[in-house]
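User: I have a structure open and want to learn how to read its features. Can you take me through them one at a time?

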Amino acid sequence: MLVLLILLIVGVIAAKVGVMDEDTNRRFTRFTLLIPQTCMILASVLNAGSDVTPGRVFAVLGAGCCMYAILVALSLLVPVLYRCKSEDQGIYSFMTIFGNVGFMGIPVAGSILGPTSAVYAALLNIPFNVLAYTLGIALLNRKGGKAKIDWRLLINAPLIASLIAIVLLCFHIHFPAPLESAIDMLGDMIVPSSMIIIGASLGAQKLKDVFGDWHVYAFAPVPLIAAPILLWLILHLFIRDTMLLNTITLLGAMPVAAFATMLSIQYGGNVQMASKTVFVTTVLSVVTIPLVCAILPL
């Protein structure tokens, strides 16, 4: 977590000294979403064990759909509870639904719960990508009106990579070693790239505006504490696979997704609010993730 904060600071410095400007950040975002993210999805399943059967793959996907149904329901309440301005309702709903399940969730799940949890986390990124590129973008463009979903956005590299990942897992297909190594290396770029993008977005703002916005601190408990507790309270009634339940709960405790900033840059969302909230929740998650692990029986 501290390493991620350092990478954020690098992005801030890059913006302050002029290495990263708005146009550079937008282009770097497009590159990151297209290549490193796609490779990260593929790399996360290439080393999966033979115990990940097709039946388990689809069980995880079904549980993921339930997970996001709960988070979408929670996102409907947040704008009402926080009395958000009409133009901010979409970004608050987005930040409630989408945690950093890919860039942070996969490595954190693997380090806390083990390699099987990392594979589950990778599979749970499939419903994440479907929602992010449809409902998520619609929410970012909502601007106080109704969210309009453009289903054409489903045709994107991360979702195609996710579907390929299912085939790789089900049939235990492997690529030639040099190709797998290249995919691993490109996938490893996603964490530093995404953090630098967020940092550069923060660097374009005044630091007092970043740390002085009380709205961000008031909202932070929703994704960091309320979401994982709600997920566990509901899903433990139905899910008997303890590893799967723990993985979903842990992913629910992740800070706001870096996607909030990256997609806001690309599709016209509130970049300032997204960047501030991603940064603050990432800092706070250093404390809240261990707290959630202590509160819930993970």
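Predicted model: local features only at pLDDT ≥ 70, side-chain atom pairs only at ≥ 80, totals over all residues.

User: Let me try one residue. Where is Ile-173 found?

Analyst: Ile-173 sits in the loop between helix H8 (157–171) and helix H9 (177–188). Leaving aside neighbours within four places in sequence, Ile-173 is in contact with Leu-46, Val-167 and Leu-168. Its C-alpha atom is separated by 35 Å from that of Met-95, 78 residues apart along the chain.

User: Is Ile-173 buried, exposed or partly exposed, and why?

Analyst: Buried means under 20% relative accessible area, and exposed means over 50%. Ile-173 has 35%, so it is partly exposed.

User: How do I read a nonpolar core?

Analyst: The general idea comes first. In soluble globular proteins, nonpolar side chains tend to be buried together. Here the largest nonpolar core has 96 residues. Ile-248, Phe-259 and Leu-263 have the most contacts inside this core. Helix H7 (residues 115–140) gives the largest share of the core, 16 residues.

User: What is Phe-259 in contact with?

Analyst: Beyond its neighbours within four places in sequence, Phe-259 has several contacts, including Leu-33, Phe-94, Phe-103 and Phe-128. Gln-37, Asn-129 and Ser-264 are also among them.

User: Next, aromatic pairs. How do I read those?

Analyst: A pair of aromatic rings is described by the distance of the centres and the angle of the planes. Centres must lie within 6.5 Å, and planes over 60 degrees apart count as edge-to-face. By this rule there are six aromatic pairs. In one of them, Tyr-82 and Phe-219, the ring centres are 6.3 Å apart and the planes are at 70 degrees, so the pair is edge-to-face.

User: Which parts of the chain does the pair of Tyr-82 and Phe-219 link?

Analyst: The pair links distant parts, 137 residues apart. Tyr-82 is in the loop between helix H4 (54–81) and helix H5 (89–97), and Phe-219 is in helix H12 (residues 214–219). Tyr-82 is partly exposed at 31% relative accessibility, whereas Phe-219 is buried at 0%.

User: How do I read the pair of Phe-98 and Phe-128?

Analyst: Their ring centres are 5.3 Å apart and their planes are at 85 degrees, so this pair is edge-to-face. Phe-98 lies in the loop between H5 and helix H6 (105–113) and Phe-128 lies in helix H7, so the pair ties together parts 30 residues apart in sequence. Both Phe-98 and Phe-128 are buried. Ring pairs link Tyr-68, Phe-94, Phe-98 and Phe-128 into a cluster.

User: What should I look for in the backbone?

Analyst: Look at phi. Most residues other than glycine have a negative phi, and most peptide bonds are trans. Arg-83 has a positive phi of about 50 degrees although it is not a glycine. Arg-83 is placed in the loop between H4 and H5. With a relative accessible area of 76%, Arg-83 is exposed.

User: How do I read a pocket?

Analyst: Rolling a probe the size of a water molecule over the atoms shows where empty space is left. The largest pocket here has a volume of about 290 Å³. It is lined by 13 residues, and the closest to its centre are Glu-22, Ser-201, Ala-204, Val-271 and Gln-272.

User: Which helices supply the lining of the largest pocket?

Analyst: Helix H2 (22–34), helix H10 (190–203) and helix H16 (271–295) each supply at least two residues. H2 gives the largest share, three residues. The lining divides into six nonpolar, four polar and three charged residues.

User: Last one: is Asn-246 buried or exposed?

Analyst: Asn-246 counts as buried, because its relative accessibility is 7%. The residue is in helix H14 (residues 242–252). Its contacts, leaving aside neighbours within four places in sequence, are Leu-113, Pro-297 and Leu-298.

How values were computed. Residues numbered from 1 in each chain as written. Heavy atoms only, no water. Helix = DSSP H or I, 4+ residues; strand = E, 2+ residues; numbered from the N terminus. Buried < 20%, exposed > 50% of the residue type's maximum accessible area, 1.4 Å probe, protein only. Contact = heavy atoms within 4.5 Å. Core = buried A, V, L, I, M, F, W, Y, C linked by side-chain atoms within 4.5 Å. 1 Å grid on protein atoms, 1.4 Å probe; cavity = no way out; pocket = protein on both sides within 12 Å on 5 of 7 lines; lining within 4 Å. Points joined across faces, edges and corners; volume = space filled by probe spheres on them. Nonpolar A, V, L, I, M, F, W, Y, C, P; charged D, E, K, R; others polar. Phe/Tyr/Trp six-rings, centres within 6.5 Å; stacked < 30°, edge-to-face > 60°.
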